[in-house]
Amino acid sequence: MRIVITEFISLDGVVQAPGGPKEDTDGGFAHGGWTHPFFDPEIVGGAFADATAKAEALLFGRRTWQTMAAAWPGRAGDPFADQMNSVPKYVVSGTLADADLTWNNTSRIAFDEIRALHEKHGGDLVVMGSPTLARALIAEGLVDELRLIVMPVLLGGGKSIFPADGGLRTLELVSTVTSPAGVNVCTYRPAAKG
C-alpha cells in the first residue's frame, strides 16, 4: 500500500489545529482554524476528496483520530463524509482500548505494524493530520507521497510534520495547483535514488 500524507500546512511549516480554535492548543497555540479564510471547495476541498477517494484505508495518530471520530460519524449524507465513515481506519495508539474504537471500521495498531501494511498489496493508506505520526513515517522512509496544501499564511510556530534529525530527504514535485486565494496544492514524491 502506498502511504500518502495529506496536510494543510502554513508557509512556515505548521500543521497544528487547521480546523478550529479548540482543536489543539498545545504549546499555547492560538491560531486554531487558520485554514478557513483560504478554503475553497473546488481546489482545496477537491484535494482532500481526491485523497480519500483513492484511499483503501486511513491511518491516524491517536489525537487526530479522536478529533475525527468525534466529528465525522454525525455527518452522514454527503459523499465525503460517507467515504470517511465507511473506509477502514487504523489508529496508532498504545492507550486506546477496544471499547474506545467507536468510529465505524476502526482498528488499533502499533507503529511497528505500519511497515507490514505498507508492504501489503493494495491502494493508498492516507494520513491526515497526525503530525507526530507523519513525522515518524517520514523519518522512517515510509512515505510514498506528500500532498501539501500550502496556505499563504505564517503562524510563527506550532507542530510540524518534518523530522528535525538533520537527515537529507530529496523530493520531486509531481504536480501543483493554485487556488484563487493563493493556496498551492503540491504533490511530492521521494526522488529516485541514483
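Before anything else, I settled my term: a nonpolar core is a set of buried Ala, Val, Leu, Ile, Met, Phe, Trp, Tyr and Cys residues joined through side-chain atoms within 4.5 Å. I also kept in mind that this is a predicted model.

**Cores.** I looked up the largest nonpolar core and found 34 residues in it. Leu58, Trp65, Trp103, Met128, Ile149 and Met151 have the most contacts inside this core. I then listed the elements that give two or more residues to it: β1 (2-10), α1 (44-53), β2 (55-61), α2 (62-71), α3 (79-86), β5 (124-128) and β6 (145-151). Of these, α1 gives the most, with four residues. I noted a second, separate core as well, with 24 residues, including Ala57, Leu59, Val127 and Val143.

**Trp103.** I set aside the neighbours within four places in sequence and asked what Trp103 touches. Its contacts are Phe60, Trp65, Met68, Ala69, Trp72, Pro73, Met84, Asn85 and Lys89.

**α1 against α3.** I checked this helix pair next: the angle is about 40° and the axes are 10 Å apart. The crossing of α1 past α3 is left-handed. On the α1 side I found Phe48, Ala49, Thr52 and Ala53, which meet Phe80, Gln83 and Met84 of α3. I sorted the residues of this contact into five nonpolar, two polar and no charged.

**Positive phi.** I reminded myself that most residues other than glycine have a negative phi. Ala17, in the loop between β1 and α1, has a positive phi of about 50°, and this alanine is buried at 3% relative accessible area. Ser130, in the loop between β5 and α5 (131-139), has a positive phi near 50°, and Ser130 is buried too, at 3% relative accessibility.

How values were computed. Residues are numbered from 1 along each chain as its sequence is written. This is a predicted model: local features need pLDDT of at least 70, side-chain atom pairs count only at pLDDT 80 or more; totals for chains, interfaces and linings use all residues. Side-chain values use heavy atoms; hydrogens and water are left out. Buried means under 20% relative accessible area, exposed over 50%, partly exposed in between (1.4 Å probe, protein chains only). Contact means heavy atoms within 4.5 Å. Axes are lines fitted to C-alpha atoms, for helices over the stretch in contact, and angles run from 0 to 180 degrees between N-to-C directions. A crossing is left-handed if the near helix is turned anticlockwise from the far one by less than a right angle, and right-handed if clockwise. Ala, Val, Leu, Ile, Met, Phe, Trp, Tyr, Cys and Pro count as nonpolar, Asp, Glu, Lys and Arg as charged, and the others, Gly among them, as polar.
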